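Please look at the sequence and the model shown here before reading on. The report then goes through one chain, its parts and its contacts.

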Amino acid sequence: MNRVAITGSGTINSLGHSVEETFVNMAEGLCGIGPLSFRDVDRLDIKIGGQVKDFDPTTVFNRQQLSLYDRVTQFTLIAAKEAIEQSGIVFSGELAAKSGVVLGTAGGGVSTWDDNYRAVYEEGKNRVHPFVVPKLMNNAAASHVSMEYNLKGPSFTVSTACASSNHAMAQAFQMVRSGLSDVMVTGGSESMLCFGGVKAWEGLRVMSKDACRPFSANRNGMVQGEGAAIFILENLDKAKKRGAVILAEVIGYAMSSDASDIVMPSKQGAARAIKGALLDARLNPEDVKYINAHGTGTAANDKTECAAVADVFGRHADNLMLSSTKSMHGHLIGGTGAVELLACIMAVKDGIIAPTIGYEEADPECALDVVPNQAREAEVDVALSNAFAFGGLNAVLAVRSV
Amino acid sequence: MDIGAKVIDIIAEQAILEPCDVTLESTLESLGIDSMGLVESIFAIEEAFDIQIPFNANDPSDSEFNISSISSIISGIEKLVAEKP
C-alpha cells in the first residue's frame, strides 16, 4: 500500500476565491453567509446563504466556454486551476494516461435546470439551447477538468447528497493508495443557490432564516452555501522524490450506510464510519485532536453527531476539538466535504483550528469542545472530516500532518 | 435587415469572425464551425426568425435542410420564413 500526500489545493467559496483567502477568513471566524442575491429571491422564505461574492465569470471564461459551463463547472475549474498549479504537475504521457479526476456533487448544473425550466414552463418557450444537457449533467465538471488538464485515467462523479465530496475523495485516495494511479484530482463542488435550488430546500422546513449556529442550543437550521474545493492526491514517495510541497497526508477513510431512514441520521451509522476511519488509518482514538464536524446546525444532525463522537472516543471525546465551519461558509451540500477538508489541512499544517461561529448557548446534548466563535492555535497531528448524507450514507476521512 | 445579412451575422458570431469574412460561398467547415457550433447556429437562427429548422444532427446530409454552403442555408431559411403561418 502506498502512502498518499496532498500536494495541491484550490477553492472558491463564500469565504474566499483561493485557499489562502479562505484560511485567513476561517482563522478570523468571518461569516460568509449573507443576503442572497438572484432572480425572484423575494419569493423565497429563506433569503440567506453563503454565496460566492465578487465573481464575474465573464472575466475568467470566454463566451464559448460559458455556453457549456454551468456555475458549478465554473467553480470547479477555478479551484482545479489553483490546485494543479500549486502541485506543479503537468499531465502527459503515462502519467496522464493513469491520472483521473473523481469529484462529488449532489445537484450538478442546478441553475441550468432552473433557467431552462423557467424558459419552457414559465415563459412558454418551446426551444432550449442545444447545450442544456452537457451543461447540466452531474459529470460535466469532472469532464471539463479532465479535458483542461489532459487527465485520461479513471474519472467519474459521485453523488451521495451531502457526503458526495467525501465519497469522491475516498475513491481517489483508494486509487492512489492501491497503486492504480500515482496522481488523482479530487474534491467536489455545488451551486444550488438559485430560486429552484433554495425553494426545494425550503420545502423540508430545516432551513434557518437568520444564521447557521451548529451545536448552539438556539440553533434553528441549516444555511446553504456554494463553491468548490479541489485537491491533488499523489503517491507520497514519488511526491517527495520530485521535491513537491506536501500539505498533509491522507491516512484513511471509511464509509457506511445507515440503512434506516431517508433523512434522519443514525448515531450507529455515523459511529461506524468514524470508527472505521480510525481502523483504516490505524489510529487510536487518542491520536485524533480535531474533527471537522458535519455540523449542519439542525437539531437532528448535531445531537446525533455529538453522540456518535462520544460513543467512538469515550473519555477522549472531552479532549478533542470538534468544529463546524458550515457556520461560516454554509452547507455546500455535495461540495461541503471538500471545502471542509481545507479546515483539516489548516489544523494539521498550520496548527490553527477553525471555529464554530454563531455559537450562543450551550446545549447539554452537544457538550463537546466545539471551538466556539474564535479560532484556536493547537498542535494537531491527526484530524478527521465527517460527512453524513441524506439517505444515510456516511463517509469519514483522516488526515495527518507531515 | 434582410435574412441573408442576419444569417451571416449569426454564423460570423459563431465562428468568431467579422461578417465581411463570411461569404455566400463559404462552407461551415471552411469557417471552422464544428458539429457543436452547427447546432448552436441552428438554435440561434431558429430563435432569430422564430422558425423550426428540419435538421437532424445524427445525419446532416439526410436532412431536408441543405447546409452545404452559406447560400444554401440562407435560401433554406428564406423558404421557411416565407412558409411561416
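The text below describes chain A, its two domains and its contact with chain B.

This is a predicted model, in which local features need pLDDT of at least 70, side-chain atom pairs count only at pLDDT 80 or more, and totals for chains, interfaces and linings use all residues. Residues are numbered from 1 along each chain as its sequence is written, while chains are lettered from A and ligands numbered from 1 in the order in which they are written.

Chain A has 14 helices and 14 strands; these are DSSP runs numbered from the N terminus, with helices (H or I) of at least four residues and strands (E) of at least two. Of its 402 residues, 57% are buried, meaning that 20 or more other C-beta atoms, placed from the backbone, lie within 10 Å of the residue's own.

The domain assignment, automatic or from a database, gives domain 1 (4-241) and domain 2 (252-400). Their centres, taken over C-alpha atoms, are 21 Å apart. The contact between them takes 60 residues from domain 1 and 55 residues from domain 2; two residues are in contact if their C-beta atoms, placed from the backbone, lie within 7 Å. Each element in the table supplies at least two residues of the domain 1 side.

| Element of chain A | Residues |
|---|---|
| Strand E1 | 4-13 |
| Helix H1 | 19-27 |
| Helix H8 | 164-178 |
| Strand E6 | 183-190 |
| Strand E7 | 227-235 |

H8(A) gives the largest share of that side, seven residues.

Between the chains, four residues of chain A are in contact with five residues of chain B.

Key:
Buried ≥ 20, exposed ≤ 12 C-beta atoms within 10 Å, placed from the backbone.
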